[in-house]
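Thank you for making time this morning; I would like to take you through one structure, with the cut-offs stated as we go. Please have a look at the sequence and the coordinates first.

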Amino acid sequence: MSGLGTAWESFWFDKEDPSALAVVRIAFYGFLLLTSWKYWGTPRPWAEVPAEFWDPIGLFAFLPRPNAVWIDALWPVWHIALGFACVGLFTRAATIVSFLVGLYLVGVSGMFGVLSHTNHVEIITLGVLAAAPCGDAWSIDSLRKSARNPSGEYRWPIQTIRVAIMFVYSSAGIAKLVDSGFRWISSETLAIYIARGNSYYYEYHYPPKGGWAMDLVRAGWPVQVMAASTLAFELLFPLAVLSKRARILLVPTAVTMNVCAYYFMGPMFVQLTFLNLLIWVPWHRVAEATLAALPWRGKMMAEVTRGGEVLKLR
Amino acid sequence: MRGKAYCVIAIVVLGQLTAIALQRELWPFSHYPMYSGLQADWTFESQRLYGVLEGGEEIPLETGSYFQPYEAYDISEVLAKATPDREKLDRELHSFLSWYQHGEAVHGGPKLRSLRAYRVLYLLSKELNPRKRLRSPVLSRTLIADTER
C-alpha cells in the first residue's frame, strides 16, 4: 500500500476502542435530550404558520409541510428514541429513529424563509451515529453481547463527525472570500456586523450583550485584528483534522470564537460548541482514568476492559 | 463495514463539497454564508410591518409576538426575499394580515384595517450603546406593499 493509502486507511480505520464511540453516543444523545426538551422546545408553532410561507430547501423539498398532529406525535417519539440511544437500549433502532425524526423536527423551523445555521452539524452527527455501531460498549445492549475488540469501525464515525465540523468553519471562511475577498478584513465589515448585532432595532430578540463589543468597535484596531484572525482560523481549521498539534490550538479557538460570536453579535452555536468539546478529546480515556482513581475502587472497582468495554462492578 | 462507512463518508463529504462549490444551501449541507457579505455603509435595512387602525392611524408591529414563531428579524428576512416578486410580496402581506386577524383573540392586538410593509433604513453608529438600549435613528422609510382587509 502506498504512503498515501496507508495514511488514508489509518485516518479512517485505525483501531479504536468501542468506548470512544460510546462516550460520544451517551454525551450527544443525552445533550440533545436535555437541551431540546428544556431549551429549544417543540417545533409545533411552525405548523400554525400559513402555507404561503413554506419554503423548503434541500431534503425538505421531498417532505411535507408540518401539521400539529404529526408534530405532537413525533415530538415524544423523538425524545424516547434519544433516551434509548443515550442509555444504549435497542441502540440501532433508537439511533435510526432519532435521526429520521430529528431530521424533520430539527430542520422544519428553517423551512419558512429564514434558515438558521446552528443545527446542521447536529443533523449530520445524528446521521453518522445512526449508521455506526455506537451501542457496542457502555450500553444496556452490550450487557447481552460478548465483548468487542478495538476496531476501525469505531473510528470512522468519530472522524466523519470531525470532518463535518471542519467543513462548518472552512466553508464559512471560503464564503467570506467568495463574497468579499480580503476586503472582509481590510474594510469595516466586521465592525458594522457587530454594530448591527448591538442595535436595539436590528435583532432585539437576542439578549442584551452588555456593550463592550461596541467598546472594541470604537477602538478600531481590535476588530480589524479579530477579522483577520477569524478568516485565518476558518481557513486553517482543516489542520485540526489532520494534526493533533494543530488541534491543541484550533479547537479551543473554535470554542472561544463561538462564545465571542454570541457575546458580540447574538447567534448561539450551542450544538457546534458542544460537539467541539466532545469530539476532539478522548473522553473515554478520561472516564477510564477517573474510574480507576476512585477511592472506593478496592471494594467496587469499575473495570473497563480495553477490548470488551463492558462495565463490570465487583 | 467498509462499504457502509464509505457510503456515509461520501454523503457527508460530497454533500458539503457540493454546497461549497455551488455556494448555496442544500440542507442539511450548507456553504455557511453567515456574515460573509461586504459591508460598506454604517446603515442597515430592515423590512417592517405597520398596521393601519380603523381610524387610519398607522402603528408599527414591532414585536414578532403577533406572528409566532417568527421573530421581527425573521419577518424582515421573509419580506426581503419576497420583495423582487411583487405578486408574491402581495400574497405574503395578505397572509400576514389574515394570520394577524386569525390570532387576535390570542395576541390581543388592536383591530387593523390594513397592513403595510415598509423598507426602513437605519443609521448605525460607532457610538451605539446597547447598555442604554438606544434606538438607531431612521434615515428613510419606503412603502413596498399595502394590503386591505
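This is a predicted model: local features need pLDDT of at least 70, side-chain atom pairs count only at pLDDT 80 or more; totals for chains, interfaces and linings use all residues.

Residues are numbered from 1 along each chain as its sequence is written, chains are lettered from A and ligands numbered from 1 in the order in which they are written, and side-chain values use heavy atoms, with hydrogens and water left out.

Let me start with the interface. If contact is taken as heavy atoms within 4.5 Å, then 63 residues of chain B are in contact with 77 residues of chain A. The buried area, meaning the accessible area (1.4 Å probe) that the two parts lose on being put together, summed over both, is about 6800 Å², and carbon and sulfur atoms give 66% of that. On the chain B side, W27(B), Y32(B) and Y35(B) lose the most area to chain A, together accounting for 15% of what that side buries.

As for polar terms, 22 residue pairs, both at pLDDT 80 or more, are in polar contact between chain B and chain A; such a contact is a pair of N or O atoms within 3.5 Å, where within protein one must be able to donate a hydrogen and the other to accept it, and residues adjacent in sequence count only if both atoms are side-chain atoms. Helices (H or I, at least four residues) and strands (E, at least two) are DSSP runs, numbered from the N terminus, and α1(B) supplies the largest share of the side of chain B that touches chain A, namely 11 residues.

Buried here means under 20% relative accessible area, exposed over 50%, and partly exposed in between (1.4 Å probe, protein chains only). By that rule, 11 of the 11 residues of helix α5 of chain A, residues 120–130, are buried, so this helix is largely enclosed by the rest of the structure.

Lastly, salt bridges, defined as a side-chain nitrogen of Lys or Arg within 4 Å of a carboxyl oxygen of Asp or Glu.

Within chain A, R285(A) pairs with D17(A) at 3.2 Å. R285(A) lies in helix α15 and D17(A) in the loop between α1 and α2 of chain A, so the pair ties together parts that are 268 residues apart in sequence. R285(A) is partly exposed at 35% relative accessible area, whereas D17(A) is buried at 3%.

In chain B, E58(B) and R141(B) meet at 3.1 Å, N to O. E58(B) belongs to strand β2 and R141(B) to strand β4, so this pair ties together parts 83 residues apart in sequence. Salt bridges that share partners join E58(B), R116(B), R141(B) and D146(B) into one network.
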